[in-house]
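Please keep the model open on your screen while you read my notes.

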Amino acid sequence: MSEQNNKDLEKDKEDGKKQRVQFPQYFQQQTKDKNPNGTTLKTPVLRGVIVSEFDGSRIWVEASGNMKGRYGVEVPQGYNPEDLQPGTEVALDPNTFKITDVVEKVRDSEFVPVQTKTTFQDIGGLDHVIKSLNSNVGAQLDSDKLDKIQSWGLDMDKSILLIGRPGTGKTHLVKALSNEYDADMFMINGPQLVEKFIGEGAKKVKRLYEQARASDRPAIVFIDEVDAIAKKRLDDRRHGGEEVERTMSQLLSELDGLDSEGDDNVISIFATNTPDIMDPALLNRTSAIEVPVPDMEAKKEILQVHTRKLELEDDIDIELVASELDDDFTGRDIKQIARQAAVNALERFEDVKNAKVSMADFNEAIKDLKEGNLGVEKDFLGNENRHPDEMFA
Ligand code: ATP
């Protein structure tokens, strides 16, 4: 706090006047909230710094963001005035301006590149998508080709939007792409960028790109479920709109920066299932590639991928298995079926050394999936595909 501010504050206190200082309504209100400090987790909160000690009736908090200002607030229930020394960061409810939390200092997020052994061989039925990624993105990840691209002045796509239902293999594709081209993959899920504190999501995006740019190798920034921060309508600013909007603006400026500087070897890939609700600003800056739900041929290829290492009985007919699958089954469903069939075989054999997977094992697994007995698998937090390899401070 500046010396002038200090003096002003002292003067206010002496005069007993309240000029320049906003007194939030809650001074007149007796709240009946269950949570006495009154914030709901879904509402982004304002961040503020305490600028004066408790003066017997209130403490003063300097809030940042677009509600910037100095607020005289009560000591919240559950806290002692001594806990609230100048310099302490606090969270304020933007509706009531009550202190809801004492904030631990947040360190910058660190993103660690995803480690993966996934290759294009592990992807079934998406040859056309792989081809498109290879020619658009792959060329830029290959240093020899990149030199040519730059000397020929080719204007290549630096941002790609993968559109497809959950489980169709979007993440799988990006992992394979990064592995095949020895690129670093920095990955985050859109909802993880929707932060509680105004401005925190934007900071994370900035940090994500800073780290990608600083990488020794070409880098891919992958944001799955990007629609969480890229919705075209922000209905209610008080419930997350402003925070999300800032995050989105930061993302757009990162993309514009990458485009204009040109020499950064960073590619952005986003994924969504709902392009229709997305902000045109992001759609305009990306080239869209559809990742479809597999057709019959693709289903067979995915089955082949996921049965490659299994020991199969002679009665196995992949075509027949594929024909038993529902039209809307995704790659993730097929992987689950193959795994369940294998588990069924292991259970069937007394001496598992002789275990082989049969058609009956597959039929049982398909039946289980159709009846919802296999649960929902989300690879995002899975094992080999361990993600986000990102540590929140
Ligand atoms: P989400 O939007 O939920 O993140 P996604 O489209 O990114 O879904 P993935 O996470 O890539 O889907 O797929 C989940 C798992 O399903 C993958 O790890 C992979 O094993 C398997 N899978 C999905 N599609 C394919 C495919 N085309 N070929 C082989 N395996 C696939």
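Here are my points, going from the whole chain to single residues.

1. This is a predicted model, in which local features need pLDDT of at least 70 and side-chain atom pairs count only at pLDDT 80 or more, while totals for chains, interfaces and linings use all residues. Residues are numbered from 1 along each chain as its sequence is written, and side-chain values use heavy atoms, with hydrogens and water left out.

2. Let's start with the overall picture. The protein has 11 helices and 12 strands; helices (H or I, at least four residues) and strands (E, at least two) are DSSP runs, numbered from the N terminus. Of its 393 residues, 48% count as buried, where buried means under 20% relative accessible area with a 1.4 Å probe, protein chains only. Take contacts between residues at least 6 apart in sequence: 75% of them join residues at least 24 apart. Contact here means heavy atoms within 4.5 Å.

3. Now find the open sheet. Its 5 strands are parallel and follow the order E8-E9-E10-E7-E11; two strands pair if DSSP finds at least two bridges between them. At the edges are E8 (184-189) and E11 (287-290), each pairing on one side only. On average, neighbouring strands of this sheet are turned by 20° against each other, direction ignored. Axes are lines fitted to C-alpha atoms, for helices over the stretch in contact, and angles run from 0 to 180 degrees between N-to-C directions.

4. Which helix packs on this sheet? Look for H2 (residues 127-141), which touches E7, E9 (219-224), E10 (266-272) and E11. The direction of H2 makes about 145° with that of E11. Strand E7 (residues 159-163) is joined to E11 by 4 bridges, and leucine 162 stands opposite isoleucine 289 in E11.

5. Strand E1 (residues 46-52) is worth a visit too. Because 6 of its 7 residues are buried, E1 is largely enclosed by the rest of the structure. E1 pairs in the antiparallel sense with E4 (residues 89-92) over 4 bridges, with leucine 46 opposite leucine 92. E1 also pairs in the antiparallel sense with E2 (residues 59-63) over 4 bridges, and there isoleucine 50 faces valine 61. E1 and E2 form a hairpin with 6 residues between them, and glycine 56 in the turn has a positive phi of about 105°.

6. Finally, is valine 321 buried or exposed? Valine 321, in helix H9 (residues 318-324), counts as buried because its relative accessibility is 1%. Not counting residues up to four places away in sequence, valine 321 touches Leu303, Met359, Phe362 and Ile366. The C-alpha atoms of valine 321 and asparagine 363 are separated by 7.6 Å, although these residues are 42 apart along the chain.

Key. Buried means under 20% relative accessible area, exposed over 50%, partly exposed in between (1.4 Å probe, protein chains only).
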